[in-house]
Amino acid sequence: MFLRPLKKISFPAAAIFIGAAFSAPAHGAEAPFYQGKTVTLIQGAGDPGGTADLRTKPVIQHLQKTLAGHPTFVFQYMSGGGGIAAANHLAHSAKRDGLTLGVITSSSFGQAILGAPSVRYKLEDFIFFGSPTSGGPYALVVRPELGLDTVEKLRAAKGLRFANISVGHTMYIIGRVMSFILGLEDPKWVVGYSSTEVGLALERKEADARANSLSSILRDTPGWLKEGFTFPVIMKNTRGEGVEAVPGFPRGQPTVDKYADTELKRAVLGFHNAVRPAGTVFVAPKGIPEPAMRELSAAFNKIWADPQFAKDYENLTKDDASPVRGDTIEQVLRDLPKEPRIMEVYKQVTGPGPLPPGK
């Protein structure tokens with residue numbers, strides 16, 4: 001597993017630094033908790049300029065305006081282990097003063113539930129404020145020289161090299177689950193790329209394939225559609241949406257669930273969807289002051305229901321806003337089925353070793 005070092009970045013003039021702008025409270029009134037304060041956001045979902053970072057910026061812009069007191073926000077990037085490093089930090093090192101928030105990946109949920117070796121946090125360590133997106137849908141992308149434009153050709157190929165950021169990253173897990181369901185023969189996993197380098201790995205022929213969200217493909221590598229990169233199969237998101245949810249993306253590709261032809265594959269795919277109740281999720285460590293929790297909860301819920309936020313989010317990310325509230329995430333996690341055999345197989349599917357058999 002490749003863990004990138006912590007990078008602390010303050011942005012005095014950029015969009016991801018949101019300056020303070022507040023007025024004094026009325027005489028005799030209690031000042032808002034966040035008035036005059038600086039909040040650090042631990043970005044555990046990606047590197048600067050990556051997809052997750054783009055999805056975070058409009059949320060923070062609206063949060064700065066919505067929170068009473070209009071605090072300043074600065075970002076720290078801690079994307080190691082697919083978000084595990086950030087979650088560990090928030091659970092054990094961050095001060096519980098309400099001045100440190102975090103963005104963790106959907107893969108952080110499954111890693112905690114399955115007890116991954118590097119996980120030192122529990123989901124009970126966090127307050128969930130929600131997510132701007134339910135995530136996906138996704139495509140398996142193959143470089144054009146290989147001509148793998150159908151599932152049949154894809155399944156006949158051997159040793160496809162998948163480019164990834166790290167073991168445990170959301171797109172690593174998506175690619176592994178897709179490979180397991182499709183029964184790909186001896187796929188390889190090449191990790192250590194930054195979020196912007198993964199696409200370059202295919203263009204440089206350092207890797208053969210990757211998994212990525214459809215909206216990210218259209219935004220970050222729009223030329224791939226014309227350059228012959230193939231998209232032989234699609235994975236629906238947790239709401240059951242496929243290419244129809246992404247205007248401008250070609251139609252006609254089969255979906256992964258059609259190849260879940262054994263009881264085990266169907267159960268693993270169902271568990272995968274269940275442990276991913278949203279995309280990147282905003283959290284705080286439990287134990288922050290009550291006024292901070294109250295103001296944050298009210299502000300996030302107001303943002304998720306705000307039509308202007310949805311417009312701003314879609315303009316910046318080129319992706320539909322599909323907010324998931326924090327209480328919804330908590331309910332999904334409480335209702336999660338935990339059948340030991342399925343959890344063990346899913347742990348193998350999403351881990352660093354060979355994929356298990358699909359029967």
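## Helix H3

In H3, the buried residues are Ser107, Ser108, Phe109, Gly110, Gln111, Ala112, Ile113 and Leu114. Buried means under 20% relative accessible area, exposed means over 50%, and partly exposed lies in between (1.4 Å probe, protein chains only). Helices (H or I, at least four residues) and strands (E, at least two) are DSSP runs, numbered from the N terminus. Eight of the eight residues of H3 are buried, so the helix is largely enclosed by the rest of the structure. Gly115 follows H3 and has a positive phi, near 70°.

This is a predicted model: local features need pLDDT of at least 70, side-chain atom pairs count only at pLDDT 80 or more, and totals for chains, interfaces and linings use all residues. Residues are numbered from 1 along each chain as its sequence is written, and side-chain values use heavy atoms, with hydrogens and water left out.

Ser108 sits in helix H3, which covers residues 107–114. Ser108 counts as buried because its relative accessibility is 0%. Leaving aside neighbours within four places in sequence, Ser108 is in contact (heavy atoms within 4.5 Å) with Gly82, Gly83, Ile84, Tyr121 and Leu123.

Thr350 belongs to helix H13, residues 340–350. Its relative accessibility is 5%, so Thr350 counts as buried. The Thr350 side chain reaches the backbone oxygen of Tyr346 at 2.9 Å. With neighbours within four places in sequence left aside, Thr350 is in contact with Leu114, Tyr172 and Ile173. Leu114 is also one of the buried residues of H3.

## Salt bridges

The whole structure holds eleven salt bridges. A salt bridge is a side-chain nitrogen of Lys or Arg within 4 Å of a carboxyl oxygen of Asp or Glu. Lys153 pairs with Asp149 at 3.0 Å, N to O. Lys153 is partly exposed, at 40% relative accessibility. Asp149 is partly exposed too, at 43%. Lys265 pairs with Asp261 at 3.2 Å, N to O. Here Lys265 is buried, at 7% relative accessibility, while Asp261 is partly exposed, at 48%.

Glu290 forms a salt bridge with Arg294, and their closest N and O atoms are 4.0 Å apart. The two residues are four residues apart in helix H10 (residues 290–304), so about one helical turn separates Glu290 and Arg294. An α-helix has 3.6 residues a turn, so residues three or four places apart point the same way. Glu290 is partly exposed, with a relative accessible area of 47%. Arg294 is partly exposed, with a relative accessible area of 47%. Elsewhere, salt bridges link Arg143, Glu145, Arg161, Lys205 and Asp208 in a network.

## The whole chain

The chain has 13 helices and twelve strands. Its radius of gyration is 20 Å, close to the 21 Å that the globule rule gives for 359 residues, so the chain is as compact as a globular protein of that length. The radius is taken over C-alpha atoms, and the rule is 2.2 Å times the number of residues to the power 0.38. Along the principal axes, the C-alpha atoms fill a box of roughly 75 × 45 × 35 Å.

Of the 359 residues, 57% count as buried. Among contacts with a separation of 6 or more, 82% join residues 24 or more positions apart. The accessible surface is about 14800 Å², and carbon and sulfur atoms account for 53% of that surface. Accessible areas come from the Shrake-Rupley method with a 1.4 Å probe; for residues, only the protein chains shown count as cover.

Methods. Polar contact = N/O pair within 3.5 Å; in protein donor to acceptor, adjacent residues only side chain to side chain.
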